[in-house]
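Biologist: I am new to this structure. Please show me how to read it, feature by feature.

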Amino acid sequence: MQLFDAVGICHIDAVEANLAARRNGSDIASELIACGLLSERRYAECLAVQLALRFEAIGETDRVLNVADMLGRPPPRLVKVCNDRLDGRLFVCPTIESLDGFAAYLARSPQMRPMIRITSRSIAAQAVDRLTMAERYRLARVSLSADTPHLSARTAIAPLQAALCVAGLAVAALLLWLAPVWTLAIGHGAATTFFAACLALRIPAALEPKTEPVPSSDLPAPGVLEEGWQGVPIYSVLVALHHETAMVPKLVAALEQLDWPKTRLDIKMICEADDHATAAAVSRAIAGKPHFSLVLVPPGAPRTKPKALNHALPLAYGEFLVLYDAEDEPDPGQLREAYLRFRTGSAKLACLQAPLVVTNGEAHWLAALFAMEYAALFRRLLPWLARNGLPVPLGGTSNHFVRENLVEIGGWDSHNVTEDADLGIRFHRRGYRVGTLTRPTYEHAPERWRVWHCQRTRWMKGWFVTYLLHMRRPLQLTEEFGIKTMIAFQLMFLGMLVSSVAHPLLLGLVAIQFGVMALGLAPGANAGPLLFLDLFNIAAAYGLFILLSARGMNWAELRRLRSQYVLLPAYWVLLAFASARAFVQLLIAPHKWEKTPHGIDSRANAADLRYRIEPFFNELEGIPMVDDPQLDVDRANGAIDPSISLVHAADSQLFAPMLRDPRVHAR
């Protein structure tokens, strides 16, 4: 009680913190700190005064003993330290519950007092991060290439694969020279038949009943599924950031809304060490939030998101782990749904993919078709693959893992630019399964062609690399997958890669054949079956995309975006252009990571107030400015109170676009 008085905590707050600690499996001080009634430093300093000990941070030159054993575990409460002079010290951060026992120990062993220092758990965690950084970074750089090089994209194209490709091209050229008509006819027939088979794989996904999000009332409270009420399991959250200064406040606010006890959250914001602006923005945003921490990644090749994630993974200590991106706004109940699925699902369920929902489809036709594409993929195709026990190529965000399983298979491939799709295949090869969730993550799609083009180039290049590396040992892959799954893998991966380039070629072939008939060079009666198969494939491709996306979206989304379906052919032509560029990069820059900018940089209209995250500032007067002349007109006409700041006036214009946000209708 004396400690509570010293830190200014009243009896009611102490009782509520005690109840929360018992419910969550944490401790009283952590609950008080999480709800903002106490700071970590204040608690540690008052603890030191009460125990007549010194409060001290672990020094830069201090060496923590057995520091490697602290990885993958919650921040230690007892840290044994030795400096260069071989002076031993014990840094402790006791709980309120253990305070009486610790005081009794000090009374029995007064000779230990000179060695003991009081510190905070965040300071202890930072020391573990600092002292293991070099080794974690070394392992992150090599990742899978160290132990399983045949599963790593460090070598994008194996020598044997390159030789077979060259030989295949040589044989094709020779056949075209010797028998061009027959070669083209056979190749055309094989391609269209394969294309039709790829479409057939998607028909069941389009026809299955629609799955509605799990109601909040059906989601279990955190911890209720534990045997004997063992408290709430810890959930780690990893977010890799690079040049995302403007997105940080919005991101932190979204993560704060997650419906999970803050004392059982372990949120790591991962930044490149030389990205000073983003790291500074993160430090400001997470100040006073001990469940957040900043992890810095030393600069160096490969500069990829999976390398950054691998560098931070050993520091994560949750039983479950989820990955988010800078622009994500996850549904607050997503963690609870994942918890329900992991606890009630198969022991082999290692990962769950949440659906990604694009919220700015009305802003640009590219964003609209991107939203439709995501609806077809994340709300129809991937759930169908998961329900049928087929490999699920994961999306780049909102992947929920059983952390032990993720560590077991080696984490992410630091050299793969679509580490997500590769990870889903590797889980399946190791006998694990991937499922899907219904609670979405909301994000924005690029509205500028160049941003979309660079992002799609990286994705297609990564799919090329992923397909090639898993096909290095096709017999072993068939043995691990089985014949049925191997066929589905070919239709999914190879089909997507080939069709992305083949669709405009197919359109061109049909146009040529109709042109020949229109010029009278070949009568319509001589139109072969391949022409009709081509026409069927084109119509079926458009029809299946429309059906998959329409059944994936809710009515409000579909009503707003359906007019953009007419631009689908143009969208697929742009996709073919990006795929061709991806193939060139595969040969000359397989590990190049083209960063997708978020916020204003990815918007078609940079002055659109819906995407204004941070205000501009007048450098002379320090007055927040919004670049919108209409505000001055409204102010002059009396439509806006002159006493309201420009920032507030701009904020008032946010409400109308919000009414068109699909999240409003989905909830």
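Biologist: Which helix is Gln-161 found in?

Modeller: Remember that this is a predicted model. Gln-161 sits in helix H8, residues 159–178.

Biologist: Is Gln-161 buried or exposed?

Modeller: Buried means under 20% relative accessible area. Gln-161 has 10%, so it counts as buried.

Biologist: What does Gln-161 touch, leaving out residues up to four places away in sequence?

Modeller: Gln-161 touches Leu-468, Met-471 and Arg-472. Its side chain also reaches the backbone oxygen of Leu-468, at 2.6 Å.

Biologist: Now strands. Which way do the side chains of strand S13 point?

Modeller: In a regular strand, side chains alternate between the two faces of the sheet. S13 covers residues 399–402. Asn-399 and Phe-401 point one way, His-400 and Val-402 the other, and all are buried.

Biologist: How many bridges join strand S9 to S13?

Modeller: Four, and the two strands run antiparallel. S9 spans residues 320–324. Phe-320 has Val-402 as its bridge partner in S13.

Biologist: And how does strand S11 pair with S13?

Modeller: Also in the antiparallel sense, over three bridges. S11 spans residues 349–353. Here Gln-353 is partnered with Asn-399 of S13.

Biologist: Where is Glu-404 found?

Modeller: In helix H15, residues 403–408.

Biologist: Why is Glu-404 called exposed?

Modeller: Exposed means over 50% relative accessible area. Glu-404 has 61%, so it qualifies.

Biologist: How far is the C-alpha atom of Glu-404 from that of Glu-319?

Modeller: They are separated by 7.4 Å. Along the chain, Glu-404 and Glu-319 are 85 residues apart.

How values were computed: Residues are numbered from 1 along each chain as its sequence is written. This is a predicted model: local features need pLDDT of at least 70, side-chain atom pairs count only at pLDDT 80 or more; totals for chains, interfaces and linings use all residues. Side-chain values use heavy atoms; hydrogens and water are left out. Buried means under 20% relative accessible area, exposed over 50%, partly exposed in between (1.4 Å probe, protein chains only). Two strands pair if DSSP finds at least two bridges between them. A polar contact is a pair of N or O atoms within 3.5 Å; within protein, one must be able to donate a hydrogen and the other to accept it, and residues adjacent in sequence count only if both atoms are side-chain atoms. Contact means heavy atoms within 4.5 Å.
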